[in-house]
Amino acid sequence: MTERIPEIEPSDELIADVFARGCDSRNALEDIAGKWGILALVALDEGAYRFNALRRRVDGVSEKMLAQTLQTLERDGMVSRDVQATIPPRVEYSLTTLGKQVADRLRGLIDLLEGHLPTVLAAQAAYDAKKQG
């Protein structure tokens with residue numbers, strides 16, 4: 001499936017500022033940065049998935065939440081939905097070029113956090129001890 005992105009005239013380009021209340025980049029960031037958005041993007045970075053296989057990969061996500069997440073990410077241009085004309089219809093989800101770039105950065109963040117998990121757990125324990133103490 002060919003990725004189609006509408007052409008933007010240079011005079012129509014917006015200056016994105018995620019810190020500005022009305023900036024559309026903030027909405028896209030919120031769509032990506034939710035727990036399920038991050039996990040769906042990074043899972044799809046492993047390759048195309050059918051819906052139920054992706055749901056199994058992203059352990060704990062409900063069918064409804066995954067469907068909403070995929071629709072939102074598709075709308076934002078991160079995910080491509082490919083419906084194959086078979087009986088029954090076969091639907092696969094994969095990353096667009098932009099989705100791949102975003103997923104690569106998210107993977108780096110996940111690797112960093114997983115690599116420093118003992119530090120995070122120690123900080124949480126120290127914080128909790130101070131709050132109770």
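On a 1 Å grid over the protein atoms alone, a pocket is an open set of points where a 1.4 Å probe fits, with protein on both sides within 12 Å along at least five of seven lines, and its lining residues have an atom within 4 Å of a point. Grid points are joined across faces, edges and corners, and a volume is the space filled by probe spheres set on the points.

Hi everyone! This is a predicted model, where local features need pLDDT of at least 70, side-chain atom pairs count only at pLDDT 80 or more, and totals for chains, interfaces and linings use all residues. Residues are numbered from 1 along each chain as its sequence is written, and side-chain values use heavy atoms, leaving out hydrogens and water.

The second largest pocket holds about 170 Å³ of space. Which helix gives the most to its lining? Helix 2 does, with three residues. Leu 39, Val 42, Ala 43, Glu 46, Arg 57, Val 58, Asp 59, Arg 107 and Ile 110 form the lining.

Now follow helix 2 (residues 35-44) to helix 4 (residues 63-75): they pack at about 75 degrees, with axes 10 Å apart. Helices here are DSSP runs (H or I, at least four residues), strands are E runs of at least two, and both are numbered from the N terminus. Axes are lines fitted to C-alpha atoms, for helices over the stretch in contact, and angles run from 0 to 180 degrees between N-to-C directions.

Last stop: Pro 88, in the loop between strand 2 (79-84) and strand 3 (90-95). A cis peptide bond joins Ile 87 to Pro 88, with omega about -5 degrees. Most peptide bonds are trans.
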